[in-house]
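I opened this notebook to record what I looked up in the structure. The entries follow in the order in which I made them.

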Amino acid sequence: MSYSVTESSKRQKWIAGTLVILYAVITLVPLGWIMITGFKTPPDSISYPPKVLFEPSLEGYVNLFTTRTRVSKEALESLPPPANFAEEIVRDRDMVIAGPSKFGQRFMNSVIIGFGSTFLSVFLGTLAAYAFSRFKIPLADDLLFFILSTRMMPPIAVAIPIFLMYRNLGLSDTHLGMILLYTAVNISLAVWLLKGFIDEIPREYEDAALIDGYTRFQAFYKVVLPQAATGIASTAIFCLIFSWNEYAFAVLLTSGTAQTAPPFIPTIIGVGGLDWPAVAAGATLFLIPVMIFTIMLRKHLLRGITFGAVRK
């Protein structure tokens, strides 16, 4: 009997493992195709049927980081030899490099706004979640529901009021304005996730610290925060993913100084149409910071999903 149960359990684990691997492969195929397209030439990227085997090229990355202009054959022949591989690639297309592109600036805007709003969301969310968890607040359930309800609104529903407000306050196309906006959107998620974690931390730990002479802040800093580190890490990941990928507000409220990468990448235009290798290269580079951040905190992510606001 025990033998059959063991065999059945092994079979179930094998089936589950196979399904997980199959799901992972299906999910990663589009990402893999994007990364591969970044190393194709423009003709190869739009070839039909699609090319799986091709000669790798860095043309997409060169086009992503430079602006180019087409010149005549006579002008090309009068120029000195290419100084680097980028110039050589561009001249093969009868063009010269006119200067750097705006992608680097847009990418740094994403870093500043994404990580800045994530830090503020987690910081304010932790304080609010601790207050809701440890103190008796009038109408606490109603307040929590109100905080959560702000997450239910689609961006387009508040786009025009926010646009008019930001224009009057001078926050349009500024890093501060985008950080504050993304913080306001993310703080509801942060409060609900972190409250679940703090609820699981026994109050007796803090009571013991207070008896030993700690202040309330010291008990919070030295007792609660270390035990809530898992929840803080997982919450930071979710907040960063939203801020990093947000598109609607970025299109409406930014145009130059504070424009992030998501609305900029689709505007990469090549000669005669959309430069798909450059777009793919930009999308690949745009994935890297979030991937690194998530991998660094991956140990906390599973527990953050399992517990957090789900378990009460």
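Is D173 buried or exposed? I found that D173 is buried, with a relative accessible area of 17%; buried means under 20% relative accessible area, exposed over 50% and partly exposed in between, with a 1.4 Å probe and protein chains only.

Before going on, I noted that this is a predicted model, in which local features need pLDDT of at least 70, side-chain atom pairs count only at pLDDT 80 or more, and totals for chains, interfaces and linings use all residues. Residues are numbered from 1 along each chain as its sequence is written, and side-chain values use heavy atoms, with hydrogens and water left out.

I then located D173 in the loop between α8 (155–169) and α9 (175–200). Helices (H or I, at least four residues) and strands (E, at least two) are DSSP runs, numbered from the N terminus. Phi of D173 is positive, near 55°, and D173 is not a glycine.

I next looked up L139, another non-glycine residue with a positive phi, near 55°. L139 lies in the loop between α6 (103–134) and α7 (140–149). L139 counts as exposed, at 61% relative accessibility.

I turned to the peptide bond from Y48 to P49, which is cis, with omega near 0°. I placed P49 in the loop between α2 (42–45) and α3 (59–65).

Last, I examined helix α12 (residues 229–245), which has 17 residues. From its first C-alpha to its last, α12 reaches 24 Å, close to the 24 Å expected at 1.5 Å a residue; the expected span is 1.5 Å times one less than the number of residues. I listed buried residues of α12, among them T230, G231, A233, I237, L240 and W244.
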